Amino acid sequence: MSICYRTEERVFQLDTPGSSYLMGLVDEEGFVGHIYYGRKLGGDDLRYLLRTEERPFVPGKNNRERNAFLDSFPMEYPGSGSGDYREGAIEVRTRGGHQVVMPLYRSHKIYPGKPELPGLPATFGGEEDCDTLELVLWDQVLKLEAVLYYTAFRKLDVITRSVRVRNQGGEELYLTKVMSVAMDMDNREYDMLTLHGGWARERKLQRCPVALGKQSTGSIRGESSHQEHPFLALAEKGCSQKQGEVYALNFVYSGNFLAQTEGNQFDSVRVMMGIHPHQFCWRLEPGEQFQAPEAVLVYSCQGLGKMTRTFHDLYRSHLLRGEYKEKKRPILLNSWEAAYFDFNTDTLLKLAGQAAELGIEMLVMDDGWFGRRNDDNSSLGDWEVNEEKLSGGLKYLVDQVNQLGMKFGIWFEPEMISPDSDLFREHPDWALQVPGRGPSLTRNQLVLDLSRSEVVDCIYEKVAKVLRSANIEYVKWDMNRQLNDMGSIALPPDRQGELYHRYVLAVYELQRRMTEEFPHILLENCSGGGGRYDPGMLYYSPQIWCSDDTDAVERLSIQEGTAMIYPLSAMGAHVSDCPNHILGRTTPFATRGYVALAGTFGYELDVARISEADRAMIPEQVAMYHKYNDLVRQGDYYRLASYQENHGYDCWQVVSKDRTECLVTYIQVLSRPNVRSRRIFLEGLAPDRQYQIEGEERTYRGDTLMYGGLLMKPMQGDFQGTLIYLKMV
Ligand code: DGJ
């Protein structure tokens, strides 16, 4: 058992292979204090770290200075409005309008395994994988129970947290804030790491010192977003890929989130992560409960690299699900950049025929096959095949594609409705809207009010009917706008504040239904590229389209930021045509292949329209994918150099778990005159074993490659790349 309660000390200790997490109960009232999180410790009594012997004393000894205690004590799950002037983790309003809440210890339970979170995605683990502590807190005045869930993984330095709140009183309560995790830590001059970006340039790392006062990242866009990311880490100064302590938090949720630090007067920092309180207000009837999503905590004392590998292992084994979770994915050709809206049965079959000859395994028909959709102005919601374009119907097309030996995939954007659609003409009240306000459009589309079960049922049936009609083996689920004008015609006034979260729950419900009815379909999530790339969506789809930007150089940083948390097997990446459609940049076809190889790999181009030389390279790239994909999907990932930092070159490495194989990808972004070769230091090899580089005679010891390094000769021209494959001999 990795969790224990030491009754004498009234201390809980959670252990993972390399970390310990301690909390203690203080005073008769049962304040829960955060004692320690960090490197693994033995069983010493650490209560002195709570500093309760220093002034101010605990309220039981000095109630005269109660506020001074509340405002300095390292609270494990701080309430609000009663004397702790730092921001609370939970806020509640009563019918009478009062807003004080103070959850204190009531009871606890420890057991092996991990419970599911009703209606929400979460990591999972069996009794042999992890142990769970349920810490029950109670506000006596509100009759409000807050159960803090902690799961410690036995083989990974991971602790997950979530909170379930239940109204046990006789009157309704309004929950206006509920963080999934809060932690008061001493600020040892940490840096705060967050990921930011925009459309076509998602997830770039930002690092800045944790300051006094509040610093946060968060989304109020209704999705996790291109702009921000539900990730926050505190890293020791100087923490690098290989060295240093880091505490990372990742939120298993796909809607509004807040991740915040608050440095305060006593040099401690309160870290929180949860649903963003912006416009959040959940009415809890007597007896009702609210389940907050899960936050994943990863601890590493071996730098960011170890943090990354822990996330990858956790998500590959305890988050991704379904048939494809561990399987090689078919190499697809997506029609989007190949044809946009301009296709029909004949052109698609021609494309498929040519692609099949080159070894491509699946045709994906992207946007434009339904309703009267010939551009992005209409038809979302009308999920019926446009037979003017697809003469012969969908089944005919799919059968023909199958006859070519290829699988078939299709695109949907189920959450949306076009003002110019039959669905909208029939149900104008089905769009999110605030009465009296004109809607603010994006891409000429509105968002469906998924808080209504009749809307969810109708959309599900429309999508499922298409999927049942032919042998469809892949779905790309897109979402091309963020949420605003948050109003539901169906919700009562005091439930409008539930809309953002109800929307996310409905997306999960739709994807749950789809993956249960069609377990053989490979689902890829997408949101205008990587606008909803988060662990919540990964629970339903084992891969997510990383970005609409397919330029190989831009992809280096997008994929670096993404792979910092998420496994390569989950990163949607394609080779596209040049000049790149977004940037106009031309990069070598081979380099585009190396970059896409670090993800799911596929194509997004018209094979007939690219140069003969590029086309001739496709079969080689297909072979390259088949040769290396097992290693890429399953191996340990090491970031050796970052183009974002050095502006010259990018380099990453994947090592098989048994350390017998390793693939290094090196991209020289800009060529420079009069330079010598660069030294690249490999990682993760067996130091005393011999490795041979494919195509070379000599062998190297693992320690030579790691500490002596490899020399990378300058290459002629910009954007050049190379792969180095090593095998233990
Ligand atoms: C945004 C996606 O990221 C693209 O790949 C493509 O599917 C378009 N939407 C289609 O509208």
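These questions and answers set values from a predicted model against the definitions behind them.

In this predicted model, local features need pLDDT of at least 70, side-chain atom pairs count only at pLDDT 80 or more, and totals for chains, interfaces and linings use all residues. Residues are numbered from 1 along each chain as its sequence is written, and side-chain values use heavy atoms, with hydrogens and water left out.

Q: Which residues come nearest to the ligand, of the 13 around it?
A: They are Asp366, Asp367, Lys476, Asp478 and Asp548. A residue is near a molecule if one of its heavy atoms lies within 4 Å of it.

Q: How do you know how the shell around the ligand divides by class?
A: Ala, Val, Leu, Ile, Met, Phe, Trp, Tyr, Cys and Pro count as nonpolar, Asp, Glu, Lys and Arg as charged, and the others, Gly among them, as polar. By that rule the shell has six charged, four nonpolar and three polar residues.

Q: How much of the ligand does the protein bury?
A: Taken alone, the ligand exposes 290 Å², and the protein buries 98% of that. The areas come from the Shrake-Rupley method with a 1.4 Å probe.

Q: Why are helix 8 and helix 9 called roughly parallel?
A: Angles under 35 degrees count as roughly parallel, and angles run from 0 to 180 degrees between N-to-C directions. Helix 8 (residues 453-468) and helix 9 (residues 499-517) cross at roughly 30 degrees, their axes coming within 11 Å. Therefore helix 8 is roughly parallel to helix 9.

Q: Why are helix 5 and helix 6 called roughly parallel?
A: Helix 5 (residues 345-358) and helix 6 (residues 393-403) pack at about 15 degrees, with axes 10 Å apart. So these helices are roughly parallel to each other.

Q: Where is Pro579, and what kind of peptide bond joins Cys578 and Pro579?
A: Pro579 is in the loop between strand 30 (575-576) and helix 12 (589-597). The bond is cis, with omega about -5 degrees. Most peptide bonds are trans.

Q: What is the phi of Arg659?
A: It is near 65 degrees, a positive value in a residue other than glycine. Most residues other than glycine have a negative phi.

Notes: Helices (H or I, at least four residues) and strands (E, at least two) are DSSP runs, numbered from the N terminus. Angles under 35 degrees count as roughly parallel, over 145 as roughly antiparallel, 65 to 115 as roughly perpendicular and the rest as oblique.
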